[in-house]
Amino acid sequence: MSFFKKINLEDNNVTKKKFVTEKVDCLIIGSGPAGYTASIYTSRANLKTVLYQGLQAGGQLTTTTEIENFPGYPNGVSGFEMMEDLKKQAERFGVEVRDGVATKTDFSKKNHKVWTDDGKLIETSIVIIATGATAKYLGLESETKFLGSGVSACATCDGFFYRNLDVAVVGGGDTAAEEAVYLSGICKKVYLIIRKNYMRASKTMRDRVLKIKNIEILFEHNTKKLFGNNNLEGAILINKNNEEVRINISGFFVAIGHKPNSDIFKDYLKTDEIGYIITEKGNSKTNVEGVFACGDVQDSIYRQAITAAGSGCQAALDAERYLKK
Ligand code: NDP
């Protein structure tokens, strides 16, 4: 972003010289299940479709261990493999999948413009935004070390791997409460680590958590470090008296919020206070004609691969109908 701001401010002509203009029928931004599914539908509907993969090709699923809850994979599948399959399927129908990131947009006219970091200025009447959301992490070095081997940001995705084991959830909001409740049905014990002396979650969720016997809430605790050899074995916490508390756990679920990847669209698209793009009820239309949003960038509730894929399909069908109109 800063690169574009700089050149725009200094000399608009540089922008014109630097970027090669290209016209496509449909531009899809994002390569998770939403983006790929949308691209399969638009390309099969004969729309010349270009898909930009974004910073994390394949999206959030490439950081999960194994996906066992996506219908059609009786033995489960790794996130990476599923994304590779989706990519191949999209390319089979002619989708041009590119490494690259959309860095700037102009949705002020019907001919939408999107600039990319590979030097293209793409002009199109259809943009499908599937840029997803990024789970927030604590930022500990040890957390990065165990990502995919003990650390997860999705209990529904990874909880099953910790059945009958002890785990911890960090966070005090509705997501953390939901994750703790979900894990309590699978795991032996769930520690809920909350940095304040109260839970921010809604009263209904707080009450549910408090009733469950195998959830132990650790108020006013912060995580200092995770430890283990190849797999996670425990965490060292700091309590309000500045004392170290050691817990033995096999799974550490971070539930401190998500950040929808919507920054470059904010000048044109309506978002909620967190940044989720607002779409019309029951469809994928944004407040700008010809711009559609699907997957986690517009979904703060379900956030599943299958719901993202479903909404990608909806976005493609909405786009086709818009063009026919
Ligand atoms: P929230 O922002 O509501 O909560 C984040 C939690 O993480 C807070 O308890 C916060 O602590 C804690 N936290 C943040 N940073 C850190 C940190 N560095 N270390 C330790 N703890 C940290 O996020 P949610 O994802 O829970 O919810 C987002 C929105 O989605 C909310 O509006 C929520 O109501 C909604 N939602 C609704 C659901 C439903 O209706 N079924 C389900 C899930 C979410 P602190 O309180 O101290 O700031």
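Helices (H or I, at least four residues) and strands (E, at least two) are DSSP runs, numbered from the N terminus. This is a predicted model, in which local features need pLDDT of at least 70, side-chain atom pairs count only at pLDDT 80 or more, and totals for chains, interfaces and linings use all residues. Residues are numbered from 1 along each chain as its sequence is written, and side-chain values use heavy atoms, with hydrogens and water left out.

**View 1. Two loop asparagines with positive phi.**
Let us start with N164, which sits in the loop between α6 and β11. Its phi is near 65°, a positive value in a residue other than glycine. N164 is exposed, at a relative accessible area of 58%; here buried means under 20% relative accessible area, exposed over 50%, and partly exposed in between (1.4 Å probe, protein chains only). N46 belongs to the loop between α3 (33-44) and β3 (49-52). Although N46 is not a glycine, it has a positive phi of about 70°. With a relative accessible area of 71%, N46 is exposed.

**View 2. The disulfide of C154 and C157.**
A search of the whole structure turns up one disulfide, the term standing for a pair of cysteine sulfur atoms within 2.5 Å. It joins C154 to C157, with 2.1 Å from S to S. The link between C154 and C157 is right-handed, with 75° about the S-S bond.

C187 is in no disulfide, and the nearest cysteine sulfur, that of C154, is 13 Å away. C187 counts as buried, at 6% relative accessibility.

Is C294 buried or exposed? With 0% relative accessibility, C294 counts as buried.

Oxygen atoms of the ligand are worth a look here. One lies 3.3 Å from a backbone N or O atom of G173. A polar side-chain atom of R195 is 2.9 Å from an oxygen atom of the ligand. In K196, an N or O atom of the side chain is 3.0 Å from a ligand oxygen atom. On its own the ligand has 920 Å² of accessible area, of which the protein covers 71% (Shrake-Rupley method with a 1.4 Å probe; for residues, only the protein chains shown count as cover).

**View 3. Helix α7 and the elements around it.**
Helix α7 spans residues 174-184, and its buried residues are A176, A177, E179, A180, V181, L183 and S184. These buried residues pack against α6 (155-158), β11 (166-170), β12 (189-194), α8 (203-211), β13 (215-219) and β17 (251-254). Contact here means heavy atoms within 4.5 Å.

T105 lies in strand β5 (residues 102-106), and at a relative accessible area of 6% T105 is buried. A polar atom of the T105 side chain is 2.8 Å from the backbone oxygen of I264. Beyond its neighbours within four places in sequence, T105 is in contact with K113, V114, W115, I264, F265 and Y268.

T103 is also placed in strand β5, and T103 is buried at 9% relative accessible area.

T116 belongs to strand β6 (residues 112-116) and counts as buried at 1% relative accessibility. Side chain to side chain, T116 makes a polar contact with D118 (2.4 Å). A polar contact is a pair of N or O atoms within 3.5 Å; within protein, one must be able to donate a hydrogen and the other to accept it, and residues adjacent in sequence count only if both atoms are side-chain atoms.
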